[in-house]
Amino acid sequence: MKIIIIGGVAAGAKAAAKSKRILPDAEVHIYTKDSHVSYSSCGLPYYIAGDFEDWHKLVVRTKEEFEKSGINIHTGHLVTKILPADKRILVRNLEQGTCDFVDYDKLIIATGASPIIPDIKNSGLKNVFSVRTLEDGINIRNAMEKSQHITIIGGGYISIELIEAFVKNKKKVTLIERSPFLISAFDEDISSLIQAFILENSDGLVKIINEDVVSEFVGEEHIRGIVTANGLGFETDMAVIAAGVYPVVDIAQEAGIQIGETGAIKVNSRMETNIPDIYACGDCAEKYNMVSHSPTWVPLGSTANKEGRVAAINACGGVEDFEGILGSAVLRYHAFTMSITGLTEKFAQKRGFDTVSVVITKRDKAGYMPEVKNVTLKLVADRRSHRILGAQAIGCGDADKRVNTVSMGLVRGMTVEDLLDVDLTYAPPFSTSIDILISAARILKSKLN
């Protein structure tokens, strides 16, 4: 059996390792245009911040370690074409410029996602970065150390982590976001609180410009300034484009592999595409939302690892299903946690749910404990079925703990009444006697009744 994997970061590396464990005699190859495999791109902002000095710590498994276990790694190799009828791929060696056909028995596509680069004049200037690969992180950190003012384009998860990194290094930051508030993945009432906290806890180093976009980078060789569509202009030493990512599906689409409604590769629960013996996993593959029961696309490293494992099992002749995702996520800004699972109220309404929600703020521990902090929780439910649809929690307290509890309930279709019956742990250092989740559920039940 010859298994070819296109892409070698989270999903691709996991698929290769699992394939070799299942079929030790199989011939397993990873082809990637990158110079590294199996690294944590999620850790890049923390390397940039200086939380650790050695970028090698981001590498989960080196090329040499893969090859020692019998997995063939081809870095600097770009797969340009998939030929399903012949069961082979066309690969370009980027260093030598040569092209070769390679046969396969099973093909796993893990091409990931690429940064969205908005249409900005002079985007090719030096010191304009995107953040996706290990090299991106190294280059951004080196440039940051020589800069005084940094501009971030986009206000999503990675942008918040970058603000923290730059503020930790005493850099002035201007962030430009087209939406009214940061992190549009949250409901606007929660997003507004997030933005307010960041502005109030940045030592005056952060400025946020909402409802605007960058139209031009100013400079001759290096970036020297920014001009926005609304006519604002200011000087800057470097810029990081963090305006989101899109699934890399071009070679799959050209090969006749079906693309889903989200723009990612359509797969079933076994990571199979519409073409036999071809699988897709990770950020290039479409997901299934277990709450809305609809296709979705949320690129996360945790999901990529799960999907890579499932793709390998099925490619190697086993049977395993990946049931879907909830869109669970967590991030921080210094001591402030932001976490989410399931559907936001705005997305639930778009999907036809009649929503009821509650937003409350409460202490995460007994009030007399010295480490007590506040948590703000939003709980969303469906009016007809009373089923919980999602949760968002923010604050300097244990916000993610509450969201993780809700995520368990979402998988099983928990109702508001079910949540009231949950026997949560209690001791003064860990919770109040009536946890914020129970308080929110009680208010929701009153609204529903």
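Helix α4 buries Leu134, Asp136, Gly137, Ile138, Ile140, Arg141, Ala143 and Met144. Buried means under 20% relative accessible area, exposed over 50%, and partly exposed in between, with a 1.4 Å probe and protein chains only. The model is predicted: local features need pLDDT of at least 70, side-chain atom pairs count only at pLDDT 80 or more, and totals for chains, interfaces and linings use all residues. Residues are numbered from 1 along each chain as its sequence is written, and side-chain values use heavy atoms, with hydrogens and water left out.

The cover over the buried residues of α4 includes α2 (44-49), β9 (128-130), β10 (149-153), α5 (157-168) and β16 (238-241). Contact here means heavy atoms within 4.5 Å. Helices (H or I, at least four residues) and strands (E, at least two) are DSSP runs, numbered from the N terminus. Helix α4 spans residues 134-145, 12 residues in total. From its first C-alpha to its last, α4 reaches 17 Å, close to the 16 Å expected at 1.5 Å a residue. The expected span is 1.5 Å times one less than the number of residues.

An open sheet is built from 5 strands in the order β21-β22-β25-β24-β23, with antiparallel pairing. Two strands pair if DSSP finds at least two bridges between them. The edge strands, β21 (329-333) and β23, each pair on one side only. From one strand to the next, the twist averages 10°. Helix α6 (residues 188-200) packs on this sheet and touches β21, β22, β23, β24 and β25. The direction of α6 makes about 15° with that of β25. Axes are lines fitted to C-alpha atoms, for helices over the stretch in contact, and angles run from 0 to 180 degrees between N-to-C directions.

Within the sheet, 6 bridges join β22 (residues 336-342) to β25 (residues 388-395). Glycine 342 stands opposite glycine 390 in β25. Strand β24 is mostly covered, with 8 of its 9 residues buried. On one side, β24 pairs with β23 over 9 antiparallel bridges. Threonine 355 stands opposite aspartate 382 in β24. A further 7 bridges join β24 to β25, again antiparallel. Here leucine 377 has alanine 393 in β25 as its bridge partner. The two strands β24 and β25 form a hairpin with 5 residues between them. In that turn, histidine 386 has a positive phi of about 65°.

Lysine 365 lies in the loop between β23 (355-363) and β24 (374-382). Lysine 365 counts as buried because its relative accessibility is 8%. Its side chain makes polar contacts with the side chains of aspartate 364 (2.6 Å) and aspartate 398 (3.4 Å). A polar contact is a pair of N or O atoms within 3.5 Å; within protein, one must be able to donate a hydrogen and the other to accept it, and residues adjacent in sequence count only if both atoms are side-chain atoms. Not counting residues up to four places away in sequence, lysine 365 touches Glu371, Val372, Asp398, Pro428, Pro429, Phe430, Ser431 and Thr432. The C-alpha atoms of lysine 365 and proline 429 are separated by 5.7 Å, although the residues lie 64 apart along the chain.

Asparagine 93 sits in strand β5 (residues 88-93). Asparagine 93 counts as buried because its relative accessibility is 13%. Its side chain makes a polar contact with the side chain of histidine 77 (3.4 Å).
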